[in-house]
Amino acid sequence: MTPDSREFRGWTRKHMLSLGELSREEILHVLDTAEGFKEVSTRSIKTVPTLRGRVVVTMFFEESTRTKMSFMLAAQRLSADVIDFSEKMSSTQKGESLLDTARNIEAMGVDMMILRHPAAGASYHLSRQIGCCVINAGDGTHAHPTQALLDLFTIREKKGRIEGLNVAIVGDIAHSRVARSDVQGLIKLGAKVTLVGPPTLVPRAFEQLGCRVTHDFRRVLPEMDVVNMLRVQSERITSNVFPSTREYVRLFGLDDEAVQLCRPDVLIMHPGPVNRGIELAATVADGPNSSILRQVTNGLAIRMATLFLCQQAAAA
Amino acid sequence: MSQSILIRGGRVIDPSQQIDEVTDLLLAGARVDAIGKNARRSADCVIDAHDRIVAPGLIDMHVHLREPGHEGKETIETGTAAAVAGGFTAVACMPNTSPALDNDSQVEFVLRTAARNGHCRVYPIGALTKGRQGKELAEIGLMVRAGAVAFSDDGDGVMDAGVCLRAMQYVGMFDRLFIQHCEDKSIAGKGCMHAGVVSTRLGLPGIPALAEEIMVQRDILLARGAGARYHVAHISTRGAIEMIRAAKQAGVRATSEVCPHHLLLTDEACETYDTNFKMNPPLRTRDDVAACIEGVRDGAIDCLVTDHAPHGAQDKEHEFQDAPMGIIGLETALPLFIKALIEPRVIDWLRLIDAMSTRPAALLGVNGGTLKPGTPADVTIINPAIDWAIDAGEMRSRSRNTPFDGWKVRGRAETTIVDGVVRYNAGR
């Protein structure tokens, strides 16, 4: 039985690891729950007592100021006690395994761990071995479920639906956890996904995961309801997967000229941080079709919903 | 002390003499004395082998014993204890120890330690290049004199075609086997599982089948020129098997071997990020598994091996991409090959024993693989019908890294006799 065929009987997951394991109904439930939390941010007193007395730890083994801040703020708005453990060294460099680190932190009486880690599957690895909730805040090139949820939330907010939309994801698909999680969520909710980039960054295997793959950005732009531009990582620029930034910008960048090819109501997204002038022209990033800052705002509501649902499931 | 042993009433299978019949086998001291009617004499010890298979001792030509350097994972003592428990009377050990087995004194160390602590025969495989770095030839001739039976940089392929050609020529001078770990690093990169749909979904860097195939194809061209006996270690892809099949037909002296996991598991097993499914070459697709099985059936694949690669729990309990590659195999190989090859009637017992004993002995140029009178008394007695469950906790290996824990299997080695001495006896 696939998860999708299961009848939805309320949220039962204490971990948030990947959209791959969530059913369509579960994804929609998170989005609906986040709708309720959106309003909290507009109050003068921006907290609710939902997680009072609970301890949430952010464990970031990779640099990410905004995701960490978003999670910390979300936990604080739910009245949780928030502590931060961040280390840039990998466990093998340090000599202590991730598992040992996590067991030590758990022994101090932590309820939820929010994990960002450079290794794919790291959050799976932890969730099998320790008792508290594990929220995946990005594991290697595998998954970034809350980013995908906030992307879905933003699309639904702006477009009124997800089913039947044409969505392009553009750039370094091969090394993007955001792309993988977006693909899973979008396909489950009935969108048509097109992946765009050079063959060195867009593996053909994605076709078997239900996506269309193309290398001609300009040709597919007019069909798109949503265009999600991924960040060009600086390490890719030096690793010879494309010849030069200049060429990349010409072929796969979204500038004013390219926007002219789009539908007038196209939604332009970016998971941030933006390389202005590379994947997105500054004018496009700040233009009327851009939802970049809206995504950041919505991220807070999605993360509040995620923490709330997982903690409730753990307590039940 | 060795004594005479009469093994009575077993199904004696000896591919070297094309024997497959219920009869008796007499061992006198360290030698096989007689088969059949001539064997019916009194002996110091009688083993009743009714409903058992009596075979020349199994030989695993691809094992990592980890000593010297990684004794926390395995030693020559614990590795050979695992070997005899799995029915092996001899193992060939790979040189990727620390330091590497790349000179005669290292080879002598292994042979000396095996003579002192070993439970079965140990045949060292020397490194092709110094430090297994793929740059300068190791002292192959001196290692031959010290007792190395074959040469390989296993763990890594020899990337440089020129170095590889010279190594083949040099190994060919001594008529030893050249064993290649076929993996082009410039394509495999930091890959940690098979490159395909599953790796794409999991976000794990992949090792394409191409990384194996491009080196196999290159090596076949080199081997044809060098005239060396060329052997592909742990073959795993359809393309590589087809190349070896074609090379054999073209008269190139090329052979290959396959591991149980490449006959029974696919890359889908990596879905849970369980590091006991991480090895090199990685688990491939269903189609590759079918090709491996077909290769054993039609002889494109000559030998069955384990690639026994012990790692401690603290090594394996890491994130998938950081965990070391490899799984243990000595104590599970026989029942797993039975499951993959005998139960679905891919091959018969004669061919199984051939691939696990007679062929490896011939390729390594060592004694064994036969029950001819006068040859060393290395014998494995197999109970082909016993049902049991694999239990990692019961293993004699120092490590427990097996993906087959809990598997229900049929058949196992019951008695392992090395040089006329019973070195393992299950429940007797």
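**Figure 1. The two domains of chain A in the predicted model.** Chain A is split into domain 1, covering 19-142 and 297-315, and domain 2, covering 145-295. The model is predicted. Taken over C-alpha atoms, the centres of domain 1 of chain A and domain 2 of chain A are 25 Å apart. Domain 1 of chain A brings 30 residues to the contact, and domain 2 of chain A brings 27 residues. Between these two domains of chain A an area of about 2500 Å² is buried, with 56% of it from carbon and sulfur atoms.

**Figure 2. Polar and charged pairs between the domains of chain A.** Four salt bridges are found across the interface of domain 1 of chain A and domain 2 of chain A. A:Glu35 and A:Arg156 form a salt bridge, in which the closest N and O atoms lie 3.7 Å apart. The interface of domain 1 of chain A and domain 2 of chain A also has 18 residue pairs in polar contact, both residues of each pair being at pLDDT 80 or more. On the side of domain 1 of chain A that touches domain 2 of chain A, at least two residues come from each of α1 (24-38), α2 (65-77), β3 (112-117), β4 (133-139) and α13 (292-315) of chain A. Of that side, α1(A) supplies the largest share, with nine residues. Sorted by class, the side of domain 1 of chain A that touches domain 2 of chain A holds nine nonpolar, eleven polar and ten charged residues.

**Figure 3. The interface of chain A and chain B.** Here 23 residues of chain A are in contact with 16 residues of chain B. About 1600 Å² is buried between chain A and chain B, and carbon and sulfur atoms give 58% of this area. The chain A residues that lose the most area to chain B are A:Ala120, A:His125 and A:Leu209, together 26% of what the chain A side buries. Across the interface of chain A and chain B there are zero salt bridges, but seven residue pairs are in polar contact, both residues at pLDDT 80 or more. On the side of chain A that touches chain B, two or more residues are given by each of α3 (91-94), α4 (98-107), α5 (122-129) and α7 (177-188) of chain A. The largest share, four residues, belongs to α5(A). By class, this side of chain A is made up of ten nonpolar, ten polar and three charged residues.

**Figure 4. The two domains of chain B.** In chain B, domain 1 comprises 4-54 and 375-425, and domain 2 comprises 57-364. The centres of domain 1 of chain B and domain 2 of chain B, over C-alpha atoms, are separated by 25 Å. Contact is made between 41 residues of domain 1 of chain B and 47 residues of domain 2 of chain B. These domains of chain B bury about 3400 Å² between them, 65% of it from carbon and sulfur atoms.

**Figure 5. Pairs and strands at the domain interface of chain B.** Two salt bridges are counted between domain 1 of chain B and domain 2 of chain B. B:Arg121 and B:Asp419 meet through their side chains in a salt bridge of 2.9 Å, N to O. On the side of domain 1 of chain B that touches domain 2 of chain B, β17(B) gives the most, with nine residues.

Methods
Residues are numbered from 1 along each chain as its sequence is written. Chains are lettered from A and ligands numbered from 1 in the order in which they are written. This is a predicted model: local features need pLDDT of at least 70, side-chain atom pairs count only at pLDDT 80 or more; totals for chains, interfaces and linings use all residues. Side-chain values use heavy atoms; hydrogens and water are left out. Domain bounds come from an automatic or database domain assignment. Contact means heavy atoms within 4.5 Å. Buried area is the accessible area (1.4 Å probe) that two parts lose on being put together, summed over both. A polar contact is a pair of N or O atoms within 3.5 Å; within protein, one must be able to donate a hydrogen and the other to accept it, and residues adjacent in sequence count only if both atoms are side-chain atoms. Ala, Val, Leu, Ile, Met, Phe, Trp, Tyr, Cys and Pro count as nonpolar, Asp, Glu, Lys and Arg as charged, and the others, Gly among them, as polar.
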